[in-house]
Amino acid sequence: MKDSPDGISTEQLNVTLTSLGLRDQANFPIGASLHQNRIKNNADYRSLVASEFNSLTPETCMKMKNIHPSSSVYFWEDTDTLVAFAQANNMRVHGHTLVWHKLIPDWVINFQGDSIAWELLFKNHIKTVVTRYKGKIGSWDVVNEAMEDNGSLRNSIWLQKLGPGYIARAFQYAHEADSSALLFYNDYGYEYSVTKRNAIISLVNGLVNDGVPVDGIGMQTHINYTLSDAAVGTAITRLAETGLKIHISELDIALNPSSDPNMTADSTILNLQANKYKFIAQSYRQIPVSQQFGITVWGVSDAHSWIRSTYNRPDWPLLFDDAYERKPSYYGFLEGLTD
Ligand code: XIL
């Protein structure tokens, strides 16, 4: 067994290397979306997450339906669990999300107020949530998925009740509540719709030019392994040209886009996935360091990926398999982060 120059045996080095997590080897934060129940109930999940990631995004508990279930009631417990876990493990928390067209509570959908009352409802939600986590949550997806693929504003309840200015006002309210927090516009499809991408870039540039406090853009990056390197590489480059912080915010790479119920993941396709994770990490490292807010994967184990539950199909989009073992994708991602 050949000793390395500084006397550490290769075996020791491997043990050291394999025990090092992604968080120890990347030049920017590496995050994962987490579910509070697994943090509460699963020690293996806790230790794996704490060793691999230094950023967490609450996967569901901060969405309006979950955190603000009735007009006078906020449910903080699940978010508090994740924030406490993050603080105990030297992880940052990225708040997700204040304004979204999905997971809207019934009391909002059935709200009968006038435009002033709607504005108050909107403002109070944003300011109440941001104020509670001031100093604990340093960044937010203020507005999520407000753009249609055809480049028009999504016809959400917020657009209907508050008009197109709701996006700018959401950022202003969040900033008023915590002027030190970094504020992001988050969306998907930058890599497959140039129309959508350009519409979002001009929306965000317009907000910044109007003095609206937008600090960054979130690129969800829910992609299939068949997507070309050029498509995702170009999207990252174009977004970085805004000069804003760029967050690859919800990365997963699906292997079964045609929803084949009998599909299995063989080594060939798992290696193609690994190459795609590697390419994305390498592309991301090309953007200016000051804009590298980080890369967050949307889940930990394939077993709990939203892709399986939402699309009701077998799929393996993440870095860890159903047994929390590192997949080829993990090593591809690591190579892309470090080579
Ligand atoms: C998904 C979660 O992963 C699911 O558990 C939940 O049921 C629905 O939302 N874009 C987003 C994320 O911004 O918040 C979504 O997360 C996935 C798509």
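Let's start at Glu-145, which sits in the loop that runs between strand 4 (139-144) and helix 9 (157-162). Helices here are DSSP runs of H or I with at least four residues, strands are runs of E with at least two, and both are numbered from the N terminus. Glu-145 isn't a glycine, yet its phi is positive, at about 60°.

A quick word on what you're looking at: this is a predicted model, where local features need pLDDT of at least 70, side-chain atom pairs count only at pLDDT 80 or more, and totals for chains, interfaces and linings use all residues. Residues are numbered from 1 along each chain as its sequence is written, and side-chain values use heavy atoms, with hydrogens and water left out.

Glu-145 is also one of the residues surrounding the ligand, alongside others including Asn-144, Trp-298 and Trp-306; to count as near, a residue needs a heavy atom within 4 Å of the molecule. This shell is made up of three nonpolar, five polar and four charged residues, with Asp, Glu, Lys and Arg counting as charged, Trp among the nonpolar ones, and Gly among the polar ones.

Now for the polar contacts, meaning pairs of N or O atoms within 3.5 Å. Glu-59 has a polar side-chain atom 2.5 Å from an oxygen atom of the ligand, and for His-96 the distance to a ligand oxygen is 2.7 Å. The protein buries 79% of the 420 Å² that the ligand exposes when taken alone, using Shrake-Rupley areas with a 1.4 Å probe.

His-96 has something else to show: its peptide bond to Thr-97 is cis, with omega near 0°. Thr-97 itself belongs to strand 3 (residues 92-99).

Stepping back, the protein chain has 15 helices and nine strands. Its radius of gyration, taken over C-alpha atoms, is 20 Å, close to the 20 Å from the globule rule for 339 residues, so the chain is as compact as a globular protein of that length. That rule is 2.2 Å times the number of residues to the power 0.38.

Terms used:
A polar contact is a pair of N or O atoms within 3.5 Å; within protein, one must be able to donate a hydrogen and the other to accept it, and residues adjacent in sequence count only if both atoms are side-chain atoms.
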